[in-house]
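Colleague: I would like to go through this model with you. Could we begin with one of its helices?

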Amino acid sequence: MLNDGLTWTLVALAAFFGAALNAAAGGGSFLTLPALIYAGVPAVAANATGTTALLPGYLASTWGFREDLGPPRAVGMTALMLTCLAGGGIGAGLLITTSNHAFRALVPWLLLFATALFAFGPALLRRIGRHPEQHAPRLQTLVGLFIVSVYGGYFNGGLGVLLLAMLTLIGETHLNRMNALKNAISAVLTLFAVGIYAAAGTVQWRWVAVMLPAVLLGGYVGARLARRIPREVLRWGIVVIGLVMSALFFR
């Protein structure tokens, strides 16, 4: 494992810019996962460690949208959160039982999938939008959110876009409410997933300690800069990062 000062600095910078991206538009794992793998952390542990380090951002975002938070009209908050907890737990369980070799082979494809979500997410949301009077049945809502939560527990990249797409599909239309739900679901399932990663000994805590101060600072800076940088510039910048990282992992 690489332990020189340059590698530690690289991981801290990846955490800073990853948290800034998450605060502004998403896509932080595009930076933290490759940086940790470069530092010598096995692929599965790198994914779990990066997700753990970025968790405070989800919690802070949920608090920031607390006034808008409420469950979809088809289901109550208890059923919603239990479904997302179950999905996130299953996804985390799948991750810790995946071999490093298999997950390393999956990484470029997962990055490409998440990159495609960022590239085509707005168009997807427009195409699948429902009429404001239409709402998905309770079972359809819970099954859809369960599937997305499994993905989130396994690989966090692109989770926000998937959740917004799913909330649109089930009939949600108010953007602030959707963002509040997205952040709350992300926080809950990620918190549960991190607990499973930690119990399994998959998280490398010394790297979390390196990344956490940078995550806190980057989240603040990203939130402030997001007010000045056009949304499309941010989104396409993330797409470029995702494509570059995917290409590097395919080598």
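This is a predicted model: local features need pLDDT of at least 70, side-chain atom pairs count only at pLDDT 80 or more; totals for chains, interfaces and linings use all residues.

Colleague: How many residues does α6 have, and what does it reach from its first C-alpha to its last?

Modeller: Helix α6 covers residues 138-154, which is 17 residues. From first C-alpha to last it reaches 25 Å, close to the 24 Å expected at 1.5 Å a residue.

Colleague: At roughly what angle do the axes of α6 and α7 cross?

Modeller: They cross at roughly 180° and come within 10 Å. An angle over 145 degrees counts as roughly antiparallel, so α6 is roughly antiparallel to α7. On the α6 side the contact is made by Gly144, Leu145, Val148, Tyr151 and Gly152, and on the α7 side by Leu159, Leu162, Leu163 and Met166.

Colleague: Why is α7 described as largely enclosed by the rest of the structure?

Modeller: Because 9 of the 11 residues of α7, which spans residues 159-169, are buried. Those buried residues are Leu159, Val161, Leu162, Leu163, Leu164, Ala165, Met166, Leu167 and Thr168.

Colleague: Which residue with a positive phi follows α7?

Modeller: That is Gly171, with a phi near 105°.

Colleague: Back to α6, please. How do α4 and α6 cross?

Modeller: Their axes come within 7 Å and cross at roughly 35°. The crossing of α4 past α6 is right-handed. Among the α4 residues that take part are Ala79, Leu80, Thr83 and Cys84, and the α6 residues they belong with include Arg138, Leu142, Phe146 and Tyr154.

Colleague: Now a loop. Where does Thr98 lie?

Modeller: Thr98 sits in the loop between α4 (77-96) and α5 (100-127).

Colleague: Is Thr98 buried or exposed?

Modeller: Thr98 has a relative accessible area of 17%. Buried means under 20%, so Thr98 is buried. A polar atom of the Thr98 side chain lies 2.6 Å from the backbone oxygen of Leu94. Leaving aside residues up to four places away in sequence, Thr98 touches Val44, Phe103 and Tyr154. Tyr154 is also one of the buried residues of α6.

Colleague: Let us move on to Thr115. Which helix is that in?

Modeller: Thr115 lies in helix α5. With a relative accessibility of 2%, Thr115 counts as buried. The Thr115 side chain reaches the backbone oxygen of Leu111 at 2.7 Å.

Colleague: Which residues does Thr115 touch beyond those up to four places away in sequence?

Modeller: Thr115 touches Phe30, Val239, Gly242, Leu243 and Ser246. Take Leu243 as an example: Thr115 and Leu243 are 128 residues apart in sequence, yet their C-alpha atoms are 6.8 Å apart in space.

Colleague: What about Arg235?

Modeller: Arg235 is in helix α10, residues 231-250. Arg235 counts as buried, at 12% relative accessibility.

Colleague: What share of the contacts between residues at least 6 apart in sequence join residues at least 24 apart?

Modeller: The share is 84%.

Colleague: Is Thr32 buried or exposed?

Modeller: Thr32 is buried, with a relative accessible area of 2%. Apart from residues up to four places away in sequence, Thr32 touches Ala14, Ala15, Gly50, Leu54 and Met211.

Colleague: To finish, how many helices and strands are there in the protein?

Modeller: There are 10 helices and 0 strands. Of the 251 residues in the protein, 50% are buried.

Conventions: Residues are numbered from 1 along each chain as its sequence is written. Side-chain values use heavy atoms; hydrogens and water are left out. Helices (H or I, at least four residues) and strands (E, at least two) are DSSP runs, numbered from the N terminus. The expected span of a helix is 1.5 Å times one less than its number of residues. Buried means under 20% relative accessible area, exposed over 50%, partly exposed in between (1.4 Å probe, protein chains only). A polar contact is a pair of N or O atoms within 3.5 Å; within protein, one must be able to donate a hydrogen and the other to accept it, and residues adjacent in sequence count only if both atoms are side-chain atoms. Contact means heavy atoms within 4.5 Å. Axes are lines fitted to C-alpha atoms, for helices over the stretch in contact, and angles run from 0 to 180 degrees between N-to-C directions. A crossing is left-handed if the near helix is turned anticlockwise from the far one by less than a right angle, and right-handed if clockwise. Angles under 35 degrees count as roughly parallel, over 145 as roughly antiparallel, 65 to 115 as roughly perpendicular and the rest as oblique.
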